[in-house]
Amino acid sequence: MNGPGKRASAPHDPMNYMRLPPEGRQQILDDLASMLSFLAERFDGLSEDEARLRDGDVFSPVEQVWHLADLEREAFGVRIERLLNEDDAELPDFDGTAAAQRRNYREKSLREGMRAFARARQDNIDALARVTPSEWTRRGVQQGVGPISLCDIPTMMAEHDAAHRDEINAWSGSRTVNQRRHSAGHHQPGEGEARNNGRT
């Protein structure tokens, strides 16, 4: 599972983004923006109590959105800013597990977390959309990962999104199965219940 503590690693080919045609780069930014609608589709109908439910090792919806929000602001956002403004920037790791425990994500609001992520993601998309061709190759060193360039960041964000989409889909699928079982338990009486209902 790609829980809050797992690092997003650098892509195998750091220049892959630079080789894409303009429409390919725009597609990556569009895919990053689509994470907002994905979260809305999966989580908008949940109550705050439902949003705190875990499925085994899969993080609950409220933990997912606050992890995504904090990572977006304190990891990806910071990396974009430092790579743009500092030469040979030193980029600290973001310890998602420690942040989740310290900030007690499960007691936070799902809706506030989704809004926080939406704001941070849009800020980062806007920043990436303004990057000039010469700026994409600006480099730094990320703790626990090694050398990265600004052009690595969109792909790293997309890879991280993909891992969390898989987790969220797994959580949603398990919830659907449990709901069906619960519904069947209420509407299909067992053998003993059927006999009792048949007594005169």
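**Briefing: buried contacts, salt bridges and a charged patch**

Phe43 is in contact (heavy atoms within 4.5 Å) with Pro61, Val65, Leu110, Arg111, Met114 and Ile168, leaving aside its neighbours within four places in sequence. This is a predicted model, in which local features need pLDDT of at least 70 and side-chain atom pairs count only at pLDDT 80 or more, while totals for chains, interfaces and linings use all residues. Residues are numbered from 1 along each chain as its sequence is written, and side-chain values use heavy atoms, with hydrogens and water left out.

**Buried residues**

- Phe43 is found in helix 2 (residues 22–43); helices (H or I, at least four residues) and strands (E, at least two) are DSSP runs, numbered from the N terminus.
- With a relative accessible area of 1%, Phe43 is buried, where buried means under 20% relative accessible area, exposed over 50% and partly exposed in between (1.4 Å probe, protein chains only).
- Phe43 and Met114 are 71 residues apart in sequence, and their C-alpha atoms are 9.2 Å apart in space.
- Asn124 lies in helix 5 (residues 110–129) and is buried at a relative accessible area of 6%.
- Not counting residues up to four places away in sequence, Asn124 touches Glu72, Phe76, Gly77, Ile80 and Met157.
- Trp136 sits in the loop between helix 5 and strand 2 (139–142) and counts as buried at 3% relative accessibility.

**Salt bridges**

- The structure holds 10 salt bridges, each a side-chain nitrogen of Lys or Arg within 4 Å of a carboxyl oxygen of Asp or Glu.
- Asp49 and Arg52 form one of them, at 3.3 Å from N to O; Asp49 is exposed at 58%, whereas Arg52 is partly exposed at 23%.
- Glu63 pairs with Arg54, the closest N and O atoms being 2.7 Å apart; Glu63 is buried at 5% and Arg54 is partly exposed at 40%.
- Asp161 forms a salt bridge with Arg121, with the closest N and O atoms 2.8 Å apart.
- This pair links distant parts of the chain, with Asp161 in helix 6 (residues 153–187) and Arg121 in helix 5, 40 residues apart.
- Both Asp161 and Arg121 are buried.
- A network of salt bridges links Asp70, Arg73, Glu74 and Arg103.

**Surface charge**

- Glu81, Glu86, Asp88 and Glu90 gather in a patch of negative charge on the surface.
- Such a patch is made of residues with over 30% relative accessible area and no salt bridge, like charges being joined within 9 Å.
- Asp88 lies in the loop between helix 3 (61–85) and strand 1 (89–91) and is exposed, with a relative accessible area of 65%.

Note on methods. Patches are made of residues with over 30% relative accessible area and no salt bridge: like charges are joined within 9 Å, nonpolar side chains (Val, Leu, Ile, Met, Phe, Trp, Tyr) within 5 Å. Accessible areas come from the Shrake-Rupley method with a 1.4 Å probe; for residues, only the protein chains shown count as cover. Lys and Arg count as positive and Asp and Glu as negative; His and the chain ends are not counted. The place of a charge is taken as NZ of Lys, CZ of Arg, CG of Asp or CD of Glu.
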